[in-house]
Amino acid sequence: MSGDRGPNLGTTARLSLTGGRTDALRIVLTVLGSLFSTMVLLLAAAVAVVGPDDGPYFTTLISEPGLHPGVIFAMVLLCLVSLSFVGQCSRIGAPARDRRLAAIRMAGGTPRDARTVLAAEVFCAAALGSVLAGVLYLVAHLWFPIATGAAGYRGENGDGPLRRQLLLPTDVLPHPLALLIVLLVIPFGATLLGLVSLRRTALTPFGVTRRVAHRPPAITPLIVFVIGAGGLTGFSFLPTRQVDFHLVFFLIIPLLFVLAAVGVTLGSASFAYQLGRFGAARTRRPAVLIACRRMVDTPFTASRSSAAVVLAVLIGAAAQGLRANFLIATSEAGQQDDFFVTAFNLVDAVLAISIGIAVAGLLVVAAEGVVTRRRTLAALVASGVPRRTLAAATLCEVVAPLVPAVLITALVGVFAARGIYGTSATPNGDARTVAVPIPWANLTVLAGGTLLIATAITALSLLFLRRATDLTELRTAA
């Protein structure tokens, strides 16, 4: 198998698709995540080429060319959240896959051969999802001429042909080069994430060893988050009046938002570590103590599970603050503009989907943690620890770092919108200035709903706990 040229393409494909039920589950979830991500990117590419003669569409967000950049940006963010879910799915069944990679090394394969097999596994699953997404989009595009005879729209003056209003821009077809790029972005991106995750991993004939330095996570990301969040929330106090308008809204504000987003994403490990230290030194409850010690020992596991959720909440809270300002600024005679109401309702729907995908990643990480630590968990049960204590510890390990992180990012997001757009607005045709209220109800639904769904989804991982704590697992190698 080894050699200068390495395994051939057929051998690599066969080895990458070999495995048990857990490997099949990983491949299926990767295909579904890739399908969704590619479909979103295809729709974003379609929005970019929508012209004045296309449609009609259910929402004017797609019809108005000036709004296309915002729609495309929202779709790309949704794709990034979905891609993070694909990356988390690659960890399902990691112990069995690690033993398979070790067997490849024992059979004479080089570390490069083992990495090639892993990259081929991720690429094949993601490519299958991308191809299915392309086929579904082409089917929807071919179906459009048949569907245009349905009732629903006769043009702005009511004298046009009877046409159906489309929810998505399936009537247009992006440039073939754009289609090819979109179909390749997700497979190559997922493969790159898989290879990056192995950068600190040694593939040996005796097992897979992760070279992780046992040192506390750096607090630099938290400092970056404070700088970005502080700049956004206090934007009105920054000396930007003498700066060009386009420079402010297309460089300074996006830069501050990126700093906040990157800081909260990478800083989750440091936050989980500090929370674990604080809780472990003060709690007297066994479940909380086990969870806190886990957060201290493996803080990056907690950050990997909560980063996408916290980022989605940050964007959602900023959208709620923007919604409160825009609905007042565009209202006339106390009546809200239906266009902006519909637009923000669609934004809320996209955010709900993003949070749902991000929260689904919690189930993957929690289930992986239970399966990976089954020998340790079985030893704890054998020593007399009740299974309900381990169940509570598993829930606490995932949810505990998420609660303060979600609450903090929700407040930062809404106050960032108020810092940029102000705390007051002037309705159309009105000389008086109206104070913009803080959307506490929307924030409560956003933060509370996210935490409730996260807790419920994480609880599903406990279905693996009884099997993982069976005493026979004491004989397992991982």
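These legends walk through several close-up views of a predicted model.

**View 1. A nonpolar patch lies on the surface.**
Welcome to the first stop. Leu177, Leu180, Ile181, Leu184, Val185 and Phe188 form a nonpolar patch on the surface here. Together these residues have about 560 Å² of accessible area. One of them, Leu184, belongs to helix H7, which covers residues 176-197. Leu184 is partly exposed, as its relative accessible area is 36%. Phe188, also part of the patch, has a relative accessibility of 52% and counts as exposed.

**View 2. Phe123 and Phe188 pair edge-to-face.**
How many aromatic pairs does a search of the whole structure find? There are 3. In one of them, Phe123 and Phe188 form an edge-to-face pair, with 5.3 Å from centre to centre and 65° between the planes. The pair links distant parts of the chain, with Phe123 in helix H6 (residues 111-147) and Phe188 in helix H7, 65 residues apart. Phe123 is partly exposed at a relative accessible area of 29%, while Phe188 counts as exposed.

**View 3. Phe326 and Tyr421 bring two helices into one picture.**
Here is another edge-to-face aromatic pair, made by Phe326 and Tyr421. Their ring centres are 6.0 Å apart, and the angle between the planes is 80°. Phe326 lies in helix H12 (residues 299-329) and Tyr421 in helix H16, so this pair ties together parts that are 95 residues apart in sequence. Both residues have some accessible surface: Phe326 is partly exposed at 27% relative accessibility, and Tyr421 is partly exposed at 36%.

Helix H16 runs over residues 402-421 and has 20 residues. From its first C-alpha to its last it reaches 28 Å, close to the 28 Å expected at 1.5 Å a residue. What follows H16? The next residue is Gly422, whose phi is positive, near 95°.

In one of them, the side chains of Arg293 and Asp297 meet at 3.8 Å, N to O. Both residues lie in helix H11 (residues 286-297), 4 residues apart, which is about one turn of the helix. An α-helix has 3.6 residues a turn, so residues three or four places apart point the same way. Arg293 is partly exposed, with 40% relative accessibility, and Asp297 is partly exposed too, with a relative accessible area of 48%.

Move along to Arg294, whose side chain meets that of Glu397 in a salt bridge of 3.4 Å, N to O. Arg294 sits in helix H11 and Glu397 in helix H15 (residues 387-399); this pair links distant parts of the chain, 103 residues apart. Are these two residues buried or exposed? Arg294 is buried, and so is Glu397.

**View 4. Arg323 and Asp348 join helices H12 and H13.**
The side chains of Arg323 and Asp348 meet in a salt bridge at 2.7 Å, N to O. Arg323 lies in helix H12 and Asp348 in helix H13 (residues 338-372), so the pair ties together parts that are 25 residues apart in sequence. Arg323 counts as buried at 13% relative accessibility, whereas Asp348 counts as partly exposed at 24%.

A disulfide is a covalent bond between the sulfur atoms of two cysteines. Cys79 is buried, with a relative accessible area of 5%. Cys124 is partly exposed, with a relative accessibility of 32%.

**View 5. Ile219 sits in a loop.**
For the last stop, find Ile219 in the loop between strand S2 (207-210) and helix H8 (220-233). Ile219 counts as partly exposed, at 47% relative accessibility. Where the chain comes back to this region, the C-alpha atoms of Ile219 and Ala269 are separated by 9.0 Å, although the two residues are 50 apart along the chain.

Key: Residues are numbered from 1 along each chain as its sequence is written. This is a predicted model: local features need pLDDT of at least 70, side-chain atom pairs count only at pLDDT 80 or more; totals for chains, interfaces and linings use all residues. Side-chain values use heavy atoms; hydrogens and water are left out. Patches are made of residues with over 30% relative accessible area and no salt bridge: like charges are joined within 9 Å, nonpolar side chains (Val, Leu, Ile, Met, Phe, Trp, Tyr) within 5 Å. Accessible areas come from the Shrake-Rupley method with a 1.4 Å probe; for residues, only the protein chains shown count as cover. A salt bridge is a side-chain nitrogen of Lys or Arg within 4 Å of a carboxyl oxygen of Asp or Glu. Buried means under 20% relative accessible area, exposed over 50%, partly exposed in between (1.4 Å probe, protein chains only). The expected span of a helix is 1.5 Å times one less than its number of residues. Rings of Phe, Tyr and Trp (its six-membered ring) pair if their centres lie within 6.5 Å; planes under 30 degrees apart count as stacked, over 60 as edge-to-face and the rest as tilted.
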